[in-house]
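Work through the exercises below with the model open. Try each task before you read its solution.

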Amino acid sequence: MTDNMRNEVQQSGLIPVPRELVRKSGLQYVLDRLSPMSPFGAEILANFAIFADGEALVRERRMVSELAGSADFRELRDELDIPLMRLRDIRGSLSRCARGEDLLITELFELKVFVLLLRRIREIRGRNPALCRIELPDPGQVLSLLDPSGKGEERYRIEDDASPELKEIRKEKRQVESLIYAAKDSAEKEKFRAQRDQICGAEEAEERRLLHEISAGLSGLCGDLTRSCGALGHIDILLRKADMLGSQETVIPERAEEIIFRDMINPEIAAQVEESGGSFVPVSIELSRGAAVITGANMGGKTVSLKSLALNTLLAMGGYPVYARNAALPDISRVMLLSGNAEDHERGLSSFGGEVVRIKDAVDKAGPGTLLLLDEPAGGTNPDEGAAIVRGLVTYLNGREAFSVIATHYDRVAPCAGRNYRIKGLQGEDPEKIKSEIENSASGVQVIARHMNYGLYPCSAEEESPREALLICRLLGLQGDLMECIEQQYSE
Amino acid sequence: MILEDTSKLKGKVLAVVGLCKNAGKTTVLNAVLDDIYSQEALIFPGITSIGRDGETVDLATGTEKPRIFVREGSIIATAADLLRSCDITAEVLMSTGFTTPLGSVYIIRARSGGWVQLGGPSIVSQMERLEKDMLILGADCVLVDGAAGRRSPGNGTSADYAILASGASLGRNIDEVVRQTAFTAELMQLPVWETNCAESGTPEDWESAEHNAELMLPGAVTDSVLLEAAAGSRPPSAVIADDPSKLLFSYTAYEKFLRTGSKLYVKTRPQLLAVTVNPVSTGGWRFDSDEFLEKTAGKLSVPVIDVVRNIKA
């Protein structure tokens with residue numbers, strides 16, 4: 001963490017999450033579907049961050065639960081959405097004003113509309129105890145500067161009686177205007193027009209003086225307004241979080257010593273699976289500190305588990321509901337998801353070299369608050385060495401405080417880990433039935449994919465891995481004599 | 001006087017469309033405003049412009065040009081940077097959220113009379129939205145200072161009425177200018193296609209059709225599009241374009257098209273109220289005012305007005 005970032009964390013109590021991880025874990029997919037109403041809410045989603053402070057996280061979760069549980073939540077949300085949607089980002093004007101610059105009349109208009117909307121949101125928020133916990137300063141002082149008559153209309157002008165001078169000038173302006181309209185000839189008209197030009201000059205100067213006065217009065221209030229922008233974004237996002245809880249199959253996670261997710265899903269992957277006619281099998285997993293290993297079938301599944309874990313842990317730590325039947329976890333301040341297959345083009349190293357560099361970096365960073373997810377590490381190197389490296393890595397990580405999950409297809413890794421999970425794969429399926437289905441189908445691979453169960457089950461370290469690769473070769477109809485040769489190798 | 005009766009503008013949009021730079025669009029706009037202010041039918045017009053207008057000096061040609069004067073109560077829509085050069089007492093009514101190179105466009109009520117500089121959006125959909133918003137905010141009608149050059153995209157598309165401004169700046173030959181003006185006025189008065197029975201398609205699609213059908217031409221209609229539409233042994237009885245701003249073909253192509261026996265329609269168009277002429281050009285030459293006015297009026301069925309002398313043919 002750079003000093004700059006650390007400062008940011010201290011100020012906001014939030015830790016930014018790398019964009020790459022947001023995208024890769026399927027979090028972007030979830031965020032894209034939340035539709036915040038205000039520019040400030042959109043900004044919070046665009047800079048997704050997790051809570052650094054456990055107490056703040058607990059408060060956030062409580063607010064989401066209470067809000068979603070309010071009897072009138074839907075009405076409240078619909079009512080708040082209208083002013084939230086109309087908010088404009090006025091922070092550019094606020095920072096100019098705070099620096100002592102004078103605002104334009106159009107900027108004061110935007111500010112006035114903003115403050116009127118803010119006041120409306122404060123009123124509605126007042127009905128809900130959960131939302132009342134968000135600090136939203138009363139903009140009364142700002143309004144008294146921008147709406148001295150207190151009419152609350154969404155329009156702005158410098159009132160005639162803003163100063164006695166202005167009142168006099170505008171009276172003159174009106175008088176000379178009627179003289180222009182009533183002028184007998186163009187010479188007379190020109191004479192009055194010249195008079196008018198002078199009056200307009202005086203009006204402009206007086207308006208400028210008043211704009212300066214109003215801007216100076218506002219400059220001390222800009223800090224509160226800028227903070228209100230953040231608070232309005234927070235209210236916006238709380239409504240989206242409560243929406244998730246009410247309308248999707250999600251729960252607010254509890255705090256625990258271990259990481260527990262039951263029937264967890266990843267909506268992005270679920271959508272892809274459903275599009276191709278399948279259905280997503282929810283993933284259940286329990287992790288203690290140290291290393292857990294996921295082994296199993298060749299055709300995917302392991303990556304799905306890791307991505308679901310990354311997504312839901314990030315959501316949990318961002319104070320969002322998670323996609324699971326129930327969930328509990330300790331405070332996690334860092335999630336890392338490393339895919340062994342990703343080539344490190346940038347540094348010009350080979351695939352394996354790049355991976356070693358990333359693993360070194362991850363091991364360096366992994367502390368008690370880390371969830372480290374490794375997808376097929378050393379998958380691209382030769383199987384004997386790869387298996388040895390992974391066994392070493394798992395043994396090492398199992399002795400550390402971080403939560404690590406290693407997905408691998410290498411044999412004999414399980415005994416090195418604290419916990420073992422296996423992809424159900426084709427276990428329990430009737431090979432004969434699959435075979436006959438393949439015979440009547442254009443794509444055998446699709447038939448197998450449909451029967452493949454990507455769910456996890458805990459297994460003992462001694463349990464032999466199922467020979468699923470061999471089964472797949474057979475199902476997909478490798479030539480009989482070729483199968484014989486392969487089977488002979490297995491028995492040797 | 002350009003409009004003898006302004007009451008028909010109530011709740012409607014009038015666009016002033018220029019055939020060239022310095023056709024006198026702004027003078028026309030001021031004259032229409034005078035017509036409105038001097039009659040009792042409407043009191044508070046709304047005024048805006050496609051892109052920028054209302055400067056003392058024409059930014060494109062450097063020539064002196066008249067400014068726009070509005071009376072108290074009028075509503076204008078202009079960009080934030082231009083508002084600073086207006087000398088009305090301004091009341092900001094609405095932020096449109098539309099941005100231009102000169103800042104966001106705001107709808108302003110003039111709390112005093114004054115000179116204004118107009119710069120509205122140049123995107124058709126935004127202009128349509130803006131026209132509606134000005135009416136909602138209390139404008140009795142909306143005047144749009146259209147872009148110079150009839151062929152600017154979307155010029156006056158959404159308006160109910162139009163005034164076409166032409167002038168000597170269009171060319172040195174008076175007969176050529178008159179012919180161009182008459183041609184444009186003709187295209188702005190094409191019959192409106194009322195039934196919905198026509199099929200959309202390309203000329204190629206049509207060739208395979210058996211009957212002498214109507215043909216829809218969505219989008220720009222250039223010389224080649226127009227001539228292909230009427231090609232073949234059985235040209236369509238009706239060729240239907242979107243609106244006059246999409247008609248980009250030349251006079252010669254149009255003459256050829258007419259000889260095939262086909263007829264051209266548009267789906268929508270503003271009603272052309274008048275054509276104005278400005279005998280003074282930016283290039284230094286000027287036409288004889290009477291000759292220009294008479295020749296133009298001789299070719300047109302709508303009123304023709306000399307904007308400099310403010311006389312009607």
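Contact means heavy atoms within 4.5 Å. This is a predicted model: local features need pLDDT of at least 70, side-chain atom pairs count only at pLDDT 80 or more, and totals for chains, interfaces and linings use all residues. Residues are numbered from 1 along each chain as its sequence is written, chains are lettered from A and ligands numbered from 1 in the order in which they are written, and side-chain values use heavy atoms, with hydrogens and water left out.

**Exercise 1. Describe the interface of chain A and chain B.**

Step 1. Count the residues. Chain A brings 20 residues to the contact, and chain B brings 25 residues.

Step 2. Take the buried area (the accessible area, 1.4 Å probe, that two parts lose on being put together, summed over both). Between chain A and chain B this comes to about 1900 Å², with 50% from carbon and sulfur atoms.

Step 3. Look for salt bridges (a side-chain nitrogen of Lys or Arg within 4 Å of a carboxyl oxygen of Asp or Glu). The rule finds three across this interface. One of them joins R196(A) to D87(B), at 2.9 Å from N to O.

Step 4. Find the helices, which are DSSP runs of H or I with at least four residues, while strands are runs of E with at least two; both are numbered from the N terminus. On the side of chain A that touches chain B, α8 (105-125), α11 (164-182) and α12 (186-219) each supply at least two residues.

Step 5. Sort that side by residue class. Ala, Val, Leu, Ile, Met, Phe, Trp, Tyr, Cys and Pro count as nonpolar, Asp, Glu, Lys and Arg as charged, and the others, Gly among them, as polar. The side of chain A that touches chain B has six nonpolar, one polar and 13 charged residues.

**Exercise 2. Trace the open sheet of four strands in chain A.**

Step 1. Read the order. Two strands pair if DSSP finds at least two bridges between them. The order is β3-β7-β4-β5, with mixed pairing.

Step 2. Name the edges. β3 (254-255) and β5 (283-287) each pair on one side only.

Step 3. Follow one pairing. β3(A) and β7 (residues 326-329) run parallel, joined by two bridges. Here R255(A) stands opposite L329(A).
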